[in-house]
Amino acid sequence: MRPNAAGWSEPRAAEQPGPPLWLLAELTYRCPLHCAFCSNPVDYARHTAELDTAQWCDVFTQARALGAVQLGLSGGEPLLRKDLEALVRHAHGLGFYTNLITSGVGLTDARLAALREAGLDHIQLSFQDSTRELNDFLSSTRTFDLKQRVAKLIKAHDYPMVMNCVLHRHNLPHVGTIIEMALQMGAEYLELANTQYYGWAWHNRLALMPTQEQLLEAEDVVRRYRARIGKQCQILFVVPDYFEGKPKKCMNGWGTTFLGVAPDGTALPCHAARMLPGLALPNVTTQGLREIWCDSEAFRRFRGTAWMQEPCRSCDHREEDHGGCRCQALLLTGDAAATDPVCERSGEHGKVREIVLQGRLAASQPMVFRSDGNSLWLSSGGG
């Protein structure tokens, strides 16, 4: 290893990474929903520029040449892009497996037919809850009935479907009915992703934080359904880091598997990396994707293990968890290079326990919903 001008350790040429297998194209930050746990940057309203059709197609071409095989088309709401079909067609022609990640708003029968013709492989449809009242409250929109119709359209066009629902204290008691809804819709996969606390969810953490009892009961419900339904629908239940005691490997290893591109062309080692101070994020409009992936400071910064501080540096599990989430470390300690405080070996682990306790004691904490006005307020220090 050798230090660069910033004092960070850089990998030698022999330590160059493999291909970015998963490309996430965040086509736009625009979205008709206003979810309280949105993963978009809280200052997204400051980032209005979007790559045009030719620029996105060039990104896909470069990523495929690098070895990327799976393409997620996300946002915001990607259906707000009028060129979505053209982008899918280009990606399909390159050999990508394409996955549309959508709220369902704007997905009509005609548009589904056009996307099918363009070569779209897969659709992931989000719900906020199994009840109209809570679904519409959490998204601050009236979309529950629309999502139900879209789910039927997806199956009518013979698409495999993943139904996604972000879990937290308000809907964890409904896990059983959420699973029943997914089964009735014919979903092949159900992703029950407990809230990870960054972005908008960080600002709403006390309002969203579940109790340990809620999580254990929900896990038990999931186990019973898995035993009963077998392969009818595969259920993925992701426990929130704050209740694990062991951190998850950030993006399966920073700069090893995942490559995100934001609407304005900013290349991201993780989709929340904009929040990390001092990280000079490259842009696809000024640098080639191969140079960004292999050589940019941002993608090398937390790649491997040489950058680690103690206790990670001498920990036997450093190759398993890579120190955990960098954004979580920043939010909880102020240092993106610190051990993720979710880890019980971290000297800052008490902060996680304190937040969980605060959430347990918060009877009726108000939530801040994603909107342009709230975006500007939060980015100036509110929340």
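Is Arg-89 buried, partly exposed or exposed? With a relative accessible area of 40%, Arg-89 is partly exposed. Please keep in mind that this is a predicted model. Here are my notes, point by point.

1. An unreviewed UniProt entry places the feature "domain: Radical SAM core" at residues 17-228. Over that stretch the chain is 43% helix and 17% strand, and 42 Å separates its end C-alpha atoms.

2. **Arg-89 and its partner.** Arg-89 meets Glu-117 in a salt bridge between side chains, at 2.7 Å from N to O. The two belong to distant parts of the chain, 28 residues apart: Arg-89 lies in helix 2 and Glu-117 in helix 3 (residues 109-118). Glu-117 counts as exposed, because its relative accessibility is 55% and the cut-off for exposed is over 50%.

3. **His-90, also in helix 2.** His-90 sits in helix 2 (residues 84-94) and is partly exposed, at 27% relative accessible area. Leaving aside residues up to four places away in sequence, His-90 touches Cys-57, Phe-60 and Thr-61. With Thr-61 there is a polar contact between side chains, at 2.9 Å. Ala-280, by comparison, is 190 residues from His-90 in sequence and 30 Å away in space, C-alpha to C-alpha.

4. **Helix 4 and its surroundings.** In helix 4 (residues 132-139), the buried residues are Leu-134, Asn-135, Asp-136, Leu-138 and Ser-139. These buried residues pack against strand 6 (122-127) and helix 5 (144-156). After helix 4 comes Ser-140, with a positive phi near 55 degrees.

5. Arg-132 and Asp-145 form a salt bridge, with their closest N and O atoms 2.8 Å apart. This pair joins distant parts of the chain, Arg-132 in helix 4 and Asp-145 in helix 5, 13 residues apart. Arg-132 is partly exposed at 40% relative accessible area, and Asp-145 counts as partly exposed at 37%.

6. **Other salt bridges.** The whole structure holds 16 salt bridges. One of them pairs the side chains of Arg-300 and Asp-295, at 3.9 Å from N to O. Arg-300 counts as buried, because its relative accessibility of 8% falls under the 20% cut-off, whereas Asp-295 is partly exposed at 46%. Elsewhere, salt bridges with shared partners connect Arg-30, Glu-50, Arg-81 and Asp-83 in one network.

7. Trp-22 belongs to strand 3 (residues 22-26) and is partly exposed, at 32% relative accessible area.

Key
Residues are numbered from 1 along each chain as its sequence is written. This is a predicted model: local features need pLDDT of at least 70, side-chain atom pairs count only at pLDDT 80 or more; totals for chains, interfaces and linings use all residues. Side-chain values use heavy atoms; hydrogens and water are left out. Helices (H or I, at least four residues) and strands (E, at least two) are DSSP runs, numbered from the N terminus. Buried means under 20% relative accessible area, exposed over 50%, partly exposed in between (1.4 Å probe, protein chains only). Contact means heavy atoms within 4.5 Å. A polar contact is a pair of N or O atoms within 3.5 Å; within protein, one must be able to donate a hydrogen and the other to accept it, and residues adjacent in sequence count only if both atoms are side-chain atoms. UniProt positions are given in the numbering used here, feature names are shortened, and annotations may be inferred rather than shown by experiment. A salt bridge is a side-chain nitrogen of Lys or Arg within 4 Å of a carboxyl oxygen of Asp or Glu.
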